Structures are given as C-alpha cells and as structure tokens.
Amino acid sequence: MGLRFGLFGTGNWAAKTHAPAIVGHPGAELVGVWGRDPAKAADLADRYGVRPYPDVDDLIADVDAVAVALPPDVQAPIAVRAAEAGRHLLLDKPLALDLAEADRVVDAVRRTGVASVLFFTNRFRSTVVDFLDRAVATGGWTGSRSILFASIFEPGSPHTGSTWRRRHGGLWDVGPHLLSLVVPVLGPVTQVAAMDAPDHTAHLLLRHAGGAASTMSLTVDGPPAARTNEVTFFGTAGLATVPAGDTTAVEALTAAVDVLLDEIATGARGGLVDVRFGRDVVAVLAAAELARTGAGTVPVVPAR
C-alpha cells in the first residue's frame, strides 16, 4: 500500500489533475473524496472506485495525507484540521486568501511536524527547475519583468464558474505562479507598489531583499488575443527567459507527490515550496492588495 490520500475537491482541477496523478502514482493510493457538493463527490469517487465522504474529519481520519483542490478560503481551514490530525499536506496555490489564515496553517504544520508541499505547477517541471537552478548559480541578476495575461472566463473554460477567481482576479490566481519563479532567483520580497489597469489587470513593482527590483503585469480576464506568459531576468549575464514547462499538469503533480513522499521518508522539512513559502507568497499578495488601493509602497509582513 502507498501513501493513503484523501482528495478534497470535485472541480476540474481535482478531477483532471489531482485524482489521476494520485491514482497513477506507484507510491500513492486514493482512499476517498470529499466535496462541498455531495453529488459531485459521489460521481468523482465512483469514477475512481473509491468512497465519497460526507464529512471532512472522517476522511482525514482514514488517510495519511490530504490533497486539496478547493478555493483558498476553503482550503486553509481543512489544511489546519488535517495537520492537527497528523496528516501530511499536498495543497494548491494560493495557500489562503488571508495572511492570518496562512499563518494558522504554518503554525499547525510547525507544531505537528507534518510534511507539506504546495503545488506551484511550474516548480515541478524539469525544464523550469533546471533553469532556476542555473539562474541561481549564475547570480548577478538585478531584476525581472513578468507578464501573464490570461483569459479564463471565455465560454467553454473550466473556470467560468470560479467565484473566487472572479472576485480576486489574476493577482491571487496567477500571481503565485509568477512569484514562485521570481523569488527563488531574486530573493524574498520586502516591499510592494501596485496599480490597477483595464481588463482587471494589476501592475506590481516589487523590491527584493537583496536589492533587486522586479515588475509583474497580470490578469486572468484579458482579451483572448492578448494572451501571453513570460518571465525574463536581467543582470550582468544579460537576459534569461524562463522556458515553457515540458510536462503536463498531471505529470507535474506526480512529481509533487514524489517530493512529499521523499520528505516523509527522510524527515526533511522546509522545502522551497512548502507552506512556509506559500505563506510568504500570501504576504506579498496581501501587500499588493493594499498597495493597489492607493496606499503607496507597502512593506511585506515577515513570518513570525
């Protein structure tokens, strides 16, 4: 038997990424599914021959680890309950929509010592990981520019009914993806300035601890013809652009399960994409949210 997972969530990401990655992993086993809609939970569970659970804590009690594919404000309380029960965590980004909630998850993980991995998709794709390792080794980067314009609410998109994405937009949806690539190279973010633009676009100016500055422009509700995704670093070595990922989302999540299994086996904790990193991403997003209201440059609240 492999690591027994409970899957929390029944949407497109849970059904097409989390479930097949766990079921197909030789070191993992899908035990059951919980969802806010019992009918959808029953349907997804039946598809994979497992049990639907009507109660969160009952599923937590029957597994070794939880995989969560739910809106961030639903994810964070479940993650706390799971960690307090001694269950390892495979979570999605962003960790939470509120810094206090993110801190509660980190505190629960710290107290119990469970392993945690946050699924920033590109951080589990080998071409991207290799690029970041080379960029860090090269050094001398003074900044970066990131542009991620998406259009996820078009007819036929699996995200058209995503209430939290419509409310919080690209800052909270794709902002974490950009930060997961920029921070490893330029260092932690200490200050944020931000401004809104048409098409629910947010423009960010970030100061990093080592003195570098970076810019980000992002939206998930832009014109389809303007779709683009690019992260480029600049410095003494010239320009370097993050390559496209070389694997599917399912393959990337399979790699994330590998990392979680390794941390459990070795006792290692504090990886670059654990809940502590997820908390720091939330801190940057929260500062940006305040800055875009006209509050000026906002300091990022450090971890306790």
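Which helix gives the most to the lining of the second largest pocket? The structure examined here is a predicted model, in which local features need pLDDT of at least 70 and side-chain atom pairs count only at pLDDT 80 or more, while totals for chains, interfaces and linings use all residues. Residues are numbered from 1 along each chain as its sequence is written, and side-chain values use heavy atoms, with hydrogens and water left out.

The answer is H10, with seven residues. Helices (H or I, at least four residues) and strands (E, at least two) are DSSP runs, numbered from the N terminus. A pocket is an open set of points on a 1 Å grid over the protein atoms alone, where a 1.4 Å probe fits, with protein on both sides within 12 Å along at least five of seven lines; lining residues have an atom within 4 Å of a point. In the second largest pocket, 20 residues form the lining, and Val-183, Pro-188, Val-189, Phe-277 and Asp-280 lie nearest its centre. Both H8 and helix H10 (275-295) supply at least two lining residues there.

Turning to the largest pocket, 49 residues line it, with Trp-13, Lys-93, His-159, Arg-165 and Asp-173 nearest its centre. Elements giving two or more residues to this lining include helix H7 (163-173) and helix H8 (175-186).

These two helices also pack together: the axes of H7 and H8 (lines fitted to C-alpha atoms over the stretch in contact, with angles from 0 to 180 degrees between N-to-C directions) lie 6 Å apart at an angle of about 10°. H7 and H8 are therefore roughly parallel, a label for angles under 35 degrees.

Definitions and conventions
Angles under 35 degrees count as roughly parallel, over 145 as roughly antiparallel, 65 to 115 as roughly perpendicular and the rest as oblique.
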